[in-house]
Amino acid sequence: MPEPARPMQVKNPLNRQPATGLTERAAWKALAGHYQAIRGLHLRQLFAEDARRGERLSVEAAGIYLDYSKNRITDETIRLLVRLAEECGLRERIAAMFLGERINVTEKRAVLHTALRAPETEQVVVDGVDVVPQVHAVLKRMAAFSLRVRIGEWRGHTGKRIRNVISIGIGGSDLGPVMAYEALRHYSQRDMTFRFVSNVDGTDFEEATRDLDPAETLFIICSKTFTTLETLTNAHAARAWSLRRLGDERSVRRHFVAVSTNTEAVAKFGIDTANMFGFWDWVGGRYSMDSAIGLSTMIAIGPEHFRAMLAGFHAMDQHFRSAPFRQNIPILMGMLTVWNCNFFDAQTVAVLPYEQYLNRFPAYLQQLTMESNGKHVTLDGARVAYQTGPVYWGEPGTNGQHSFYQLIHQGTGLVPCDFIGFCQALNPIGHHHDLLMSNLFAQTEALAFGKTEDEVRAEGTPGWLAPHRAFEGNRPSNTLLAERLTPETLGLLVALYEHSVFTQGTIWNIDSYDQWGVELGKALAQRTAPELESADEPQLDHDSSTNALIRRYRRLRNART
C-alpha cells in the first residue's frame, strides 16, 4: 500500500516549468536534429534491419499490450523523448497530481480523478483531508440505490417498477455515461432501457421519451452546480413530461434523482436531497465517468461490475505512477503523439476500435483530449510556438475501412492511428471475430509498409494505373490489444488515455484541466437567447452577419409553408 500522501514542498505554487521554453530545451533541439536525420527512413527499412523490432518496441502492463513498433522511430527517438519528458518535469508533475497539488492552475484546483478509484485502504489528502472515505461513502450510497432499482424495490409514484432510466447531462456528464453504457452493454440488465439526453435540441428529448411510460421512468439529472443551461432545460422538460401523466408534484421525488452539489437548487426542483449524489471540485467533468456521474452506468451493469471498472482505472493509475518512462504505456503514447504532431506535422489522431461496443469511444476521447489540450498559451500565459492538441476522431472497424481509410492510406496528410482490438469475442458467431481481427492486423501492416509501384506492376497492373494503386506506406500506428472487453478493461483504456493526455500537456507546458475556450460561446448565447424569444423586434448590436442571421431566423421561425 502506498504511504499516506503528504503535502509536496513545491517552490513554485503553480507547478510551472522553468523559464526555458519548450523549443529551447536541449532535448527538443536534439529531437529536431534527430528528426532531420531519420525523417527519410521508411518503416520497410527499419523492420528489415531489425528482425525483432515488433517484439522489442512493445510493452505489456495490467492486461494491455501496446505495439508501437510501427511508428517512425528508432531507439534513439525514444531515448530523446524520455529525456524531453524528464526535462519537462513529468515525474514531478505526476507526483504533484497524485498528491493533490493544485495543478489546474487557472482554476486553482487539485486534479484528483485518480482518487475516485482509489481503494479504501489508500489515503489521498486534499487540503489536509483524506478524501478516500468520502469517495467510498458516495460509492456505497450509489450501490445501495442501484440495487434497489435493479431488483425492483425502488418503485415509481404509482407503484410500478422502474424499467427505464434516462440520464440527462451534457459534456462529460453525458459522454462518459453514454460511452460506458454502450461499451458495457454486454453486462447490462437487459430488462431495463437506458437512454441519454444532452442536446438542447428538443428532438433529443422527444426521441428519448416518446415510447416510454412516465410511471416506469427514472430521470438522473447530472449537473454539479444544477445551473447548466442545457441540462436544466432538458430537466424541466422531463419534469413537465412526467407530471403530465402522473399529475402529482410529489411524484418528482420517486422519478428524479440528482448528481449535484447544489442542495438548495435540487430541493427547489422537487428532488429529495436524500437522493442527491455529490462529487467534488477536484473532479473535472470530462474525468468524471467513474464518479457519481456514472450512476446510470452502475444501475445498468450493477455495483460489482462498476467496481471492477474502477479497479481497472486504478491498475492503470498505478502503472502510470510507477513504471519507468520507457515501459510506461500512457507515457509512451503521449510522447509519440508529441513526436508525430510536432515533428511530422500530424494534425489529427484516428482512434479505431475493432469492437462494436466501443462505437462511442472515439467521441468520448474527443472531449477528453481536445478540451484538455486545445490550448494556445502556456501555464505562464505565453503564446505557444508549437502545435498542441491534435484532433481526435474515429469509428469502429471494419465500418471505417469503407469510409475514411482511403484518406489515411493515400491522402496527402499524415494521420497516426490507434488500433484497439480484443483477442476474445463477447459475441462469438462463426468466424466473425477472426475476420474482424484479420482486418485490424492487415490495416496496420498496409499502413506501415504499403505497396510500391513496382510491386503493383509485377501483379500485372498496367503502367498508367500503377500510381493509383500504389500505397506509399510509412504511416504510423499503435496497436492496443487486450484479452476481452470487460468492465476492468474499459477502466484500463480510459485511464490510459487520461494519462496520455496529461503527458502531452506536461510536455507542451499547458493546463490540461481547464476549459475556458467553451465559455465565450455560452456567454454570447445567454445574450442572444432573449433577442430570439422577444415578442418585440429587438435592438441588435452584433456584427452585421449575426444581426442578419437573427433577423432571418425571427422572420422564418413561425412561418408556415
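Predicted model: local features only at pLDDT ≥ 70, side-chain atom pairs only at ≥ 80, totals over all residues.
Residues are numbered from 1 along each chain as its sequence is written, and side-chain values use heavy atoms, with hydrogens and water left out.

**The chain as a whole**

- The chain has 22 helices and 13 strands; these are DSSP runs numbered from the N terminus, with helices being H or I of at least four residues and strands E of at least two.
- Its radius of gyration is 25 Å, close to the 24 Å that the globule rule gives for 561 residues, so the chain is as compact as a globular protein of that length. The radius is taken over C-alpha atoms, and the rule is 2.2 Å times the number of residues to the power 0.38.
- Along the principal axes, the C-alpha trace spans about 75 × 65 × 60 Å.
- Buried residues account for 55% of the 561 residues (buried means under 20% relative accessible area, exposed over 50%, partly exposed in between, with a 1.4 Å probe and protein chains only).
- Of the contacts between residues at least 6 apart in sequence, 74% join residues at least 24 apart; a contact means heavy atoms within 4.5 Å.

**The mixed sheet**

- Six strands form an open sheet with mixed pairing, in the order β1-β2-β13-β12-β10-β11. Two strands count as paired if DSSP finds at least two bridges between them.
- The edge strands are β1 and β11, each of which pairs on one side only.
- From one strand to the next, the twist averages 15 degrees; angles run from 0 to 180 degrees between N-to-C directions, and axes are lines fitted to C-alpha atoms, for helices over the stretch in contact.
- Strand β12 (residues 417–422) runs parallel to β13, joined by six bridges.
- On the other pairing, β2 and β13 (residues 477–482) are antiparallel over three bridges, and D67 has T479 as its bridge partner in β13.
- β1 (residues 58–61) and β2 (residues 64–67) run antiparallel with four bridges, and S58 stands opposite D67.
- Two residues separate β1 and β2 in their hairpin, where A62 in the turn has a positive phi of about 55 degrees.
- Helix α17 (residues 432–449) lies across β12 and β13, at about 155 degrees to β12.

**The parallel sheet**

- Five strands form an open, parallel sheet in the order β6-β5-β7-β8-β9. Here β6 (193–197) and β9 (276–277) are at the edges with a single partner strand each, so one side of each is left without a neighbour in the sheet.
- β5 (residues 164–168) pairs with β6 in the parallel sense over five bridges, with I168 opposite V197.
- Helix α9 (residues 229–246) lies across β5, β6, β7 (217–222) and β8 (256–259), running at about 160 degrees to β7.

**Nonpolar cores**

- The largest nonpolar core has 124 residues, of which W282, I299, F361, L480, L490 and Y497 touch the most other members. A core is a set of buried Ala, Val, Leu, Ile, Met, Phe, Trp, Tyr and Cys residues joined through side-chain atoms within 4.5 Å.
- Helix α20 (residues 487–508) gives the most to this core, with 11 residues.
- Leaving out residues up to four places away in sequence, L480 touches a set that includes I64, L66, F419, G421 and Y497.
- A second, separate core of 21 residues includes I168, F205, A258 and F269.

**Individual residues worth a look**

- S477 lies in β13 and counts as buried at 2% relative accessibility. Among the residues it touches, beyond those up to four places away in sequence, are D67, C417 and T444.
- The peptide bond from G397 to T398 is cis, with omega near 10 degrees; T398 sits in the loop between β11 (391–393) and α16 (405–410).
- K108, in the loop between α5 (90–98) and β3 (125–126), has a positive phi near 55 degrees and counts as exposed at 60% relative accessibility.
- D127 is in the loop between β3 and β4 (129–130); its phi is positive at about 50 degrees although it is not a glycine, and at 61% relative accessibility D127 counts as exposed.
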